[in-house]
Amino acid sequence: MEVSNTKQQHQSASISLTKPVRCIVKLGGAAITCKNELETINEENLKTVSSQLRQSMTTGSNSGEVLGMDWSKQPGESEISSTLSDFEDRPVVDSSPFIVVHGAEGIPSIGMSPFSCGWSTRERNIASADLSAVAKAIESGLVPVLHGDAVLDDLLDCTILSGDAIISHLAAHLKPEYVVFLTDVSGVYDRPPSDPNAVLLREIAVAKDGSWSIEKPTFQNKNKQVETSVAAHDTTGGMLTKISEAAAIAKLGIDVYIVKAATSHAFKAFSGELKGNLPEDWLGTAIRFSNK
């Protein structure tokens, strides 16, 4: 399968960070909201994901702790410390740099609207994106939180910039070690996961020309296509778009993991435990560049 290779004249300035980004995480709407209910957060999933992010961020840090920034919480409501005195005499960069696309809580995060930060498109392709604010947040020890947004388009006046497109652009310019897409299913299937015969694809290989193929499991038909469906309320293309964006990232030599949110499998992806051969008991989809 071919990944669209539309030429984009990005105006993103060269970004130099003192500490490389370890991981960019995409929280899919289906992973942290109840999509069959209007504007309803899946609080249990969101809390679990936030907790796993905190633990992953502190891996290898000096203090083993990430401070929260929600001073609206009352004492005893959260195990995350968030008083002003807790920030005194603390190094600002004491954890692995992460970027979150969509949203989180309980971590030192700062929300960034792509529209307000000057992102724009041309025929729905990113034309301009000022990443200086993202870089400043990371250098200050904060976690930038971006989200899909309505942005100005040079030809269409206005369009939707998806979180998947944002994460692909960030990966291309900030070169994280790996990228994690969180969703409400275990990964990519050969057909809609609601089908009882659906098979989880454990590994997808991306070639130099951007085409991708199923590596594991092995199917008799080597050119087997992935059947997908898009919900009526999904304005950004669904799983097929996600696979295409993930393949574009993997082509850069950055491993991508698509995994179910709020699971031990997601935590392993956050923590960098999936480098090399995938554990046999891991449930998810790894998308990697292949020199074959």
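Predicted model: local features only at pLDDT ≥ 70, side-chain atom pairs only at ≥ 80, totals over all residues.
A residue counts as exposed when its relative accessible area is over 50%, as buried when that area is under 20%, and as partly exposed in between.

Lys268 belongs to helix H6, whereas Asp281 sits in the loop between helix H6 (264-270) and strand E15 (285-289); the pair links distant parts of the chain, 13 residues apart.

Another joins Glu203 and Lys216, with an N to O distance of 3.5 Å. Glu203 is part of strand E12 (residues 203-206) and Lys216 is part of strand E13 (residues 212-216), so this contact ties together parts that are 13 residues apart in sequence. The two partners fall into separate accessibility classes: Glu203 is buried, at 14% relative accessible area, while Lys216 is partly exposed, at 43%. Salt bridges also link Lys26, Asp164 and Lys242 into a network.

Asp154 pairs with Arg122, and here the closest N and O atoms lie 3.9 Å apart. Arg122 lies in strand E4 (residues 120-122) and Asp154 in the loop between strand E7 (149-153) and strand E8 (157-161), so parts of the chain 32 residues apart in sequence are tied together. Both residues are partly exposed, Asp154 with a relative accessible area of 48% and Arg122 with one of 44%.

The strands around this pair belong to an open sheet of four strands, in the order E5-E4-E7-E8 and with mixed pairing. Strand E5 (125-128) and strand E8 stand at the edges; each has a single partner strand, so one side of each is left without a neighbour in the sheet. On average, neighbouring strands of this sheet are turned by 50° against each other, direction ignored.

Within the sheet, E4 and E7 run parallel and are joined by two bridges. Because two strands pair when there are at least two bridges between them, this number is enough for E4 and E7 to count as paired. In one of these bridges, Ser120 has Leu152 in E7 as its partner.

Definitions and conventions: Residues numbered from 1 in each chain as written. Heavy atoms only, no water. Salt bridge = Lys/Arg side-chain N within 4 Å of Asp/Glu carboxyl O. Buried < 20%, exposed > 50% of the residue type's maximum accessible area, 1.4 Å probe, protein only. Axes fitted to C-alpha atoms, helices over the stretch in contact; angles between N-to-C directions.
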